[in-house]
Amino acid sequence: MSTTTVSQLDKVKDGPWSGGKSPWNLEYGKIMMWFFLVSDAFTFSAFLIYYGAQKFAQPTWIDADKVFQSIPGIAESGQPLVFVGIMTFILIMSSVTMVLAVDAGHRNKKDEVVKWMLWTILGGLAFVGCQAIEWTHLHHQGFWFGRNPATGLEGEAVAEALAPYFTRDISYTAALQFSNLFFTITGFHGFHVSIGILLNIIILSMTLNNTFERRGTYLMVEKVGLYWHFVDLVWVFVFTFFYLI
């Protein structure tokens, strides 16, 4: 009668360290969300790389501390980066509330999911509202797509109009490039935040209608959460490029 010999490798495979759950056993929708986020990351990277290239190709550039030194409706000057700091804090906190909503979904706690999704939506709306106020304020100062405060002026009037925004030499071209890229990139990010708010509202509605209770899973909350965290992460880079560097 023959006996079967079991190798040491086979013993390891049958033991408690056999690997457990396969890392590739992921839900299709979550994989597709990751693919989308990676592709979108390339788009934002291209925008920011182009901004950096334009900035360092110019002999001078606008000083962010002088452009963003107001708190609309409260202080016209003397408060550099305070308002955008508030905006950043709001968006980061909305990411925290999204984490809590996803955690509540994992525990099948409908009421908690509703509560934290509401806070996330409010945070997103507050951020977009602040961004609209900032855009309006800059527009009143003369910045817009294809425009800067010196557009339409000639001679010494150009230098006088742009002097408050430069610490070194004044450049009309640099001011125009800054204006175009600022509104394009922050607008593109604001569009993503708006889409995220819409998705969060849809998820909240589905939660209130017990859609996920019937499915037995809150996986959709996690998928939308991935998108929301991505939007927050992108803002960290936008904030760094435009306001800090």
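**Legends to the close-up views**

Of the contacts in the protein between residues at least 6 apart in sequence, 75% join residues at least 24 apart. The views below are drawn from a predicted model.

**View 1. Overall secondary structure of the predicted model.** The protein contains 9 helices and 0 strands. Along the sequence, the order of elements is α-α-α-α-α-α-α-α-α. The protein has 245 residues, of which 42% are buried.

**View 2. Packing of helix H5 against helix H7.** Helix H5 spans residues 110–141 and helix H7 spans residues 172–208. Their axes lie 9 Å apart, and the two helices pack at an angle of about 155°. Because angles over 145 degrees count as roughly antiparallel, H5 and H7 are placed in that class relative to each other. The crossing in which H5 passes H7 is left-handed. Sorted by class, the residues in the contact of H5 with H7 comprise 18 nonpolar, 10 polar and 2 charged.

View 3. When neighbours within four places in sequence are set aside, serine 179 is in contact with Phe143, Trp144, Phe145 and Arg147.

**View 4. Packing of helix H2 against helix H9.** Helix H2 covers residues 28–57, and helix H9 covers residues 219–244. The axes of H2 and H9 come within 11 Å and cross at roughly 10°. Since angles under 35 degrees count as roughly parallel, H2 and H9 are described as roughly parallel to each other. On the side of H2, the contact includes Gly29, Lys30, Met33, Trp34, Phe36 and Leu37, together with Asp40, Ala41, Phe44, Leu48, Tyr51 and Lys55. H9 contributes Leu219, Glu222, Lys223, Leu226, Tyr227 and Phe230, as well as Val234, Phe237, Val238, Phe241 and Phe242. By class, the contact of H2 with H9 holds 17 nonpolar residues, 1 polar residue and 5 charged residues.

Key. Residues numbered from 1 in each chain as written. Predicted model: local features only at pLDDT ≥ 70, side-chain atom pairs only at ≥ 80, totals over all residues. Heavy atoms only, no water. Axes fitted to C-alpha atoms, helices over the stretch in contact; angles between N-to-C directions. Helix = DSSP H or I, 4+ residues; strand = E, 2+ residues; numbered from the N terminus. Parallel < 35°, antiparallel > 145°, perpendicular 65-115°, else oblique. Left-handed = near helix turned anticlockwise from the far one by under 90°. Nonpolar A, V, L, I, M, F, W, Y, C, P; charged D, E, K, R; others polar. Contact = heavy atoms within 4.5 Å. Buried < 20%, exposed > 50% of the residue type's maximum accessible area, 1.4 Å probe, protein only.
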